[in-house]
Amino acid sequence: MSTMIKKVAVVGSGTMGQGIAQVCATAGYEVVLYDIQPGLLTNAISALRKNLDSLVQKGKITSQDATITFNRIIPENDFRQLQVDLVIEAVNENLEVKQKIFGEIERWNGKDCILTTNTSSIPVTRIGSVLKHPHRFAGLHFFNPAPLMKLVEIVRPGFTSDATIETLKEFIRQVGKVFVLAQDSPGFIVNRVARHFYLESLKIAEEKAADFKTIDTLLKSSGFRMGPFELMDLIGLDVNLSVTQSIYDSFHQAPRFRPNPIQQQKVEAGHLGRKSGRGFYEYGG
């Protein structure tokens, strides 16, 4: 483990928070998983147990390893208990909420605690502008599903210190991921490029040149692990649309980033993908 980081707090117990907590606990770190809603936290801990049990059933890890990893994750809904070496925030893409969280966390931690955000679209500089010690703040952008995706973007605003970045690089190595260092710009690297993977596919469907399944099949046959519509269903259409809207606004409504009406209609209808049982495809259970 990174010698400077021993205890990690993950703020937000949704899909990304769960995945990041599992990654950190698997690597040997003590993890505090925080959520303001006790019910969501209970569901998250249950989901983590199921994920680890599934890995045991597939022969990926032993039952003992699953138990050890699970026991390293401590559920918490009291901000005062988030006294750690590293904070990874993974809540909804809302600037004011994120700023409020970091302002509160900064009150309860010492000057050496590193604060990071898993935002995928909000400028990291803007989130950290409310902090008293912004030199220890950066973006740490994991991808969904965090236990499987190897890449992490370390996003550096202008005020982040070299020491903070070096510590985060070592931490990412210790959790078994590969990092790229990105400067703070809308969408960073991956999400900026990926907008057109989604938007151009949506445009093709809108023009009725091909349907969702045909586009997915063709792109998978050309080497992509998942088609754009399958991937949007996995991520959540609401999340994907929110990221697209944020990048569109950050680039002053540049036409190439304009959200597509098909996705907006799906979100308004509550067809959010796998998590709602229906998106571009329908899901049982």
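I'm working on a predicted model here.

**Entry 1, β1 and β4.** I looked up how strand β1 (residues 7-11) sits against strand β4 (residues 86-89). They run parallel, and four bridges join them.

In what order do the eight strands of the open sheet come? I read off β3-β2-β1-β4-β5-β6-β7-β8, with mixed pairing. β3 (73-76) and β8 (178-183) are the edge strands; each has a single partner strand, so one side of each lacks a neighbour in the sheet. I also noted the twist, which averages 25° from one strand to the next.

**Entry 3, β6 and its neighbours.** Next I went to β6. On the β5 side (residues 114-117), the pairing is parallel, over three bridges. Thr117 is the residue I found opposite Gly139 of β6. Strand β7 (residues 151-156) runs antiparallel to β6, with four bridges joining the two. There, Phe142 has Val152 of β7 as its bridge partner.

Are the residues of β6 (residues 137-142) buried or exposed? I got six of six buried, so I took the cut-off to be under 20% relative accessible area. Then I sorted the side chains by direction: Phe137, Gly139 and His141 point one way, while Ala138, Leu140 and Phe142 point the other way. Both sets are buried. That puts Gly139, opposite Thr117, and Phe142, partnered with Val152, among the buried residues of β6.

Conventions:
Residues numbered from 1 in each chain as written. Predicted model: local features only at pLDDT ≥ 70, side-chain atom pairs only at ≥ 80, totals over all residues. Heavy atoms only, no water. Buried < 20%, exposed > 50% of the residue type's maximum accessible area, 1.4 Å probe, protein only. Pairing = 2+ DSSP bridges. Axes fitted to C-alpha atoms, helices over the stretch in contact; angles between N-to-C directions.
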